[in-house]
Amino acid sequence: MGSSITPNIRDFLARLDPFDKLPSALVESLSNSVVVKYLAKDEVIAFSALCTKRYLYIVRTGAIEQRSQDGSLRARLGVDDQFGFTFLGPLQKAEDGYEAQAIEDSLLYLVPHHELTRICHEHPEFADYFAAQATTRLSTAVKHAVRKEDKGLFFRQIGEVASNNIAIVQQDEPIKSVAKTMCGEQRSSCAVVMNHDEIVGMVTDRDMTRSVVAAEVDINAPISSVMNSTPILVNSEDKVIQAISLMLQYNVRCLPVVKEGKVSGLLTTTHLVHNHKTQSLFLIEKIKYADSINALAALKEEKQTIFQALVESGISSELQGQVMSMIMDAFTRRIIQLTEKTLGPPPCEYAWLVAGSHARNEVHMLSDQDSAIVLSDQATESDHHYFNYLAMRVCNGLAACGYPLCDGKYMAANKKWCQPVSRWKEYYQKWVLSPEYNKLLSVSVFLEVRAIHGNKEFVDAIHNHMHQCIQKNPRFIPALTRDAIETQPPLGIFNSLVLEKGGENSNTLNIKKYALNLIIDLARIFSLAAGGSLTGTEERFRYAAQHGTMSQDSCENIIGAFRFITHVRFRHQLNAILNGNTPDNHIAPEQFSSFERKHLKEAFKIISELQDVAKLRFVKGS
């Protein structure tokens, strides 16, 4: 452009995502090429695959509505918002037939496609910021949202922190010889056992104490007789947080590190506990040996430290949820064990199951209790009294440890959810065959169940029965879909806000209700339609894509949206904690940065589009 307006354009771009991430020289060159366009109210820009002049459009002033070919609202855009990304890719892949209409007099800045292409070619590190695919831009946004200096130890590669001190022995070596190797010059707490070049086992110094000395095994016997033949290994390129997750899951203290198929080192808890946030991740072992509810309650503050460390680490929300779920599992199991010790052994077999976010392995700081008990069909009335009392004590114990009671009373302490296998099967039969509102509400809580204590086969039995009922009733998935699409994501957010009205959360956006719950519901629908029995949100979408009920592109887009919205939610909760406030799901509009606004709108659009797909596929006559 090269006019007196250019400095204004440059300054504007320099503060706007993603241009604020480009070197100043690139921003300067772009500002010289920007085209200024005025749109009067009701004036329209039509987009089609035949467009030859392509731009990235930025709203400088005014407001724009994007509408699909059928007239449905795609998004409502305001100052700083951008559109036209789908036309920055190959023409043959451009989205056809949507319009952008000015709903008030508007000023637009148009950045030519060929200029963005040139920058991305010369500086490929910026290409993802301008990708035509929303999922690529969302993924990049999540990575950028975590400042590099915050990633710290969690985000480093295992090979960077692992020790080279590891003993490597052959499976036919005597136990005595292996012990000497482990105690040699480069002392190692672990030995990897090989059969020539193949890893076949592992032995630790603890194994030597427990399985050799205490068991009085002949020290001349081969090490293969006492080794662990299913060792857990990690790759040197994996992130430290992934290793920590494995240590938590399997309650192990050391992991052999493999690089290009060969043993390259050893990662132990000793290498990690120099960082207090990392050390807190090993509280599962503290939970395991706590001898009272009070002792467990004293550990609840460490959950907050863990949550903060996970959010700041930049790992995926999926892995964050898994780590927090393992910790909630540990608290629950230990409280059950302590309660059984107080009340005496259970009078019959049973299973303690968890539901909701806990069953999905998506626990976070606001997760409450969703639980139930499945009893043996041989349980007597007096047995019921025992388990009702056990459930009450366990639920209250979890509340003392920082896991709130469920407002809807979907907990084992409610007698309705402490029933034998046969009654649970009756429940599912009734819910699925007559999916009215109140029954949909109950089944939606118990669509995801997972046994964490007792006889797992009881939970498997009722879970399998539920899926059999769903497969036999073609009305269930359409009913679930109608319920799921009743709430729409806030496509007009920030210009025409979807806000809570009245009460202490008035004029805030409930990001759980208007975004995350919608994604979880869609994951259920598409996975169940494919016959899937998985519980995690991301794994359900992947299963649906693999089995043809949704496209791979839709799968990648919705997972990208899920991760970004979850990231925003977790950041909001963490900021509340750091500021001494109670975390919640209600975010005031002014708390969103322009960066978050831009990408949330993209995420909401993806949710809305997938709702439309679900409606067309599963609700007949719509």
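Me: Before we look at the sheet, what makes two strands count as a pair?

Reply: Two strands pair if DSSP finds at least two bridges between them. Keep in mind that this model is predicted.

Me: Thanks! How do you know that β7 and β8 are paired?

Reply: Set the value against the cut-off: β7 and β8 (residues 190–195) share four bridges, and at least two are needed, so they count as a pair. Their pairing is parallel, and in it I168 stands opposite V192 of β8.

Me: Which sheet do these strands belong to, and in what order do the strands come?

Reply: They belong to an open sheet of three strands, ordered β7-β8-β9, and the pairing in it is mixed.

Me: Why are β7 and β9 said to stand at the edges?

Reply: Each of them, β7 (167–170) and β9 (198–204), has a single partner strand, so one side of each has no neighbour in the sheet. From one strand to the next, the twist averages 30°.

Me: What packs on this sheet?

Reply: Helix α7, residues 175–182, does. The helix touches β7, β8 and β9, and its direction makes about 165° with that of β7.

Terms used:
Residues are numbered from 1 along each chain as its sequence is written. This is a predicted model: local features need pLDDT of at least 70, side-chain atom pairs count only at pLDDT 80 or more; totals for chains, interfaces and linings use all residues. Side-chain values use heavy atoms; hydrogens and water are left out. Helices (H or I, at least four residues) and strands (E, at least two) are DSSP runs, numbered from the N terminus. Axes are lines fitted to C-alpha atoms, for helices over the stretch in contact, and angles run from 0 to 180 degrees between N-to-C directions. Contact means heavy atoms within 4.5 Å.
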